[in-house]
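Subject: Structure handover

Hi,

Here is the structure for your files. My notes follow below it.

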Amino acid sequence: MSHITIRRALLALVAPLMTLGLASPALAVEHHPKGDYAPFADCPLSNPSLTFCLVADTTSGEFTVGKKTVPINKTITLQGGTIENPETGALTFVAAENGETLSKTALNVPGGLFGIHPPESWPKEAKEKFEEMVNKGLTGVTETTELAKPASDIGINTNHLLNEEGVALSLPVKVKLSNFLLGSSCYVGSESHPIILNLTTGTTSPPAPNKPIKGKVGEIEFKEEFNIVRLLGGSLVDNSFAAPEASGCGGSLSKLVDPIVDSQFGVPAAAGHNTAILNGNLEEAVAAAVKASE
């Protein structure tokens with residue numbers, strides 16, 4: 001079933017895709033779509049085979065790896081496009097033309113490196129001040145989820161997304177941990193050993209101790225005579241993935257620092273001990289319509 005067929009059939013059966021990819025800054029070309037198409041300024045319109053443009057904003061949710069749960073309280077933007085095979089409907093992701101397919105949004109790890117938390121009995125304002133002090137201190141840590149493979153390694157299944165069953169998006173990532181002590185190359189996951197997120201809008205079937213959780217497609221809105229479709233309040237989830245040990249932490253002292261990070265973060269963490277919940281909105285547009293608006 002193609003996107004175009006779905007788009008012009010029953011409105012209730014249409015939904016965009018949440019996808020990511022990589023791009024080379026050297027290939028960046030400026031585009032200036034106008035009006036409702038303005039959000040697609042970084043769509044890879046220079047590719048003549050492009051079918052759709054995509055922009056997704058993850059605005060809430062959480063990412064748990066081992067012992068650490070990091071709330072998503074800053075917007076993470078995903079953008080790019082897709083090429084649809086007219087015969088099979090299979091999708092190939094094309095990265096954003098400006099090289100910023102996935103925004104490098106740093107999120108604070110609650111409690112920092114050593115899990116220092118204020119007492120539960122403290123008032124909310126005091127807790128917030130304490131957490132701010134930890135985040136700004138030497139033990140404060142930020143977590144940034146990055147792509148670990150090129151765009152061609154991302155798996156997309158439209159029917160699974162629409163029907164709220166099966167894997168809608170298979171995404172290889174790595175998690176960068178940053179602070180003064182850890183250096184600039186501390187990661188959980190890598191290009192050779194990525195964390196594979198098999199995200200669904202349906203219900204997960206994780207191994208114990210995790211329990212099933214439910215995603216959702218969200219509400220659908222159309223603009224520009226069906227050339228733009230928006231998915232509002234969607235959710236992609238996965239709590240069945242595994243996470244490898246940390247590597248590269250502390251630079252030349254990584255053989256000493258990596259085990260400390262592993263202990264504090266609880267990695268490696270087997271499937272059933274990790275969770276990704278990505279909530280937000282997505283806009284998809286017909287690439288030819290975006291280009292025509294320039």
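In helix 4 of this predicted model, Ser254, Val257, Asp258, Val261, Asp262 and Phe265 are buried (under 20% relative accessible area; exposed is over 50%, partly exposed in between; 1.4 Å probe, protein chains only). Seen down the helix axis, these buried residues fall within an arc of 145 degrees, so they line one face. The arc is taken from the directions from the axis to the C-beta atoms. Lys255 and Leu256, on the other side, are exposed. The buried residues pack against strand 1 (52-65), strand 2 (68-71), strand 8 (169-178) and strand 13 (246-247). Contact means heavy atoms within 4.5 Å. Helices (H or I, at least four residues) and strands (E, at least two) are DSSP runs, numbered from the N terminus. Just after helix 4, Gly266 has a positive phi of about 75 degrees.

Val261 and Phe265 are also among the residues that touch the most other members of the largest nonpolar core, which has 48 residues. Such a core is a set of buried Ala, Val, Leu, Ile, Met, Phe, Trp, Tyr and Cys residues joined through side-chain atoms within 4.5 Å. Strand 8 gives the most to this core: five residues.

On confidence: mean pLDDT (per-residue predictor confidence, 0 to 100) is 86 for the chain, and 89% of residues reach 70 or more. Over residues 1-27, pLDDT stays under 50. Where pLDDT is low, predicted coordinates should not be read in detail.

Residues are numbered from 1 along each chain as its sequence is written. Local features need pLDDT of at least 70, side-chain atom pairs count only at 80 or more, and totals for chains, interfaces and linings use all residues, while side-chain values use heavy atoms, leaving out hydrogens and water.

Best wishes
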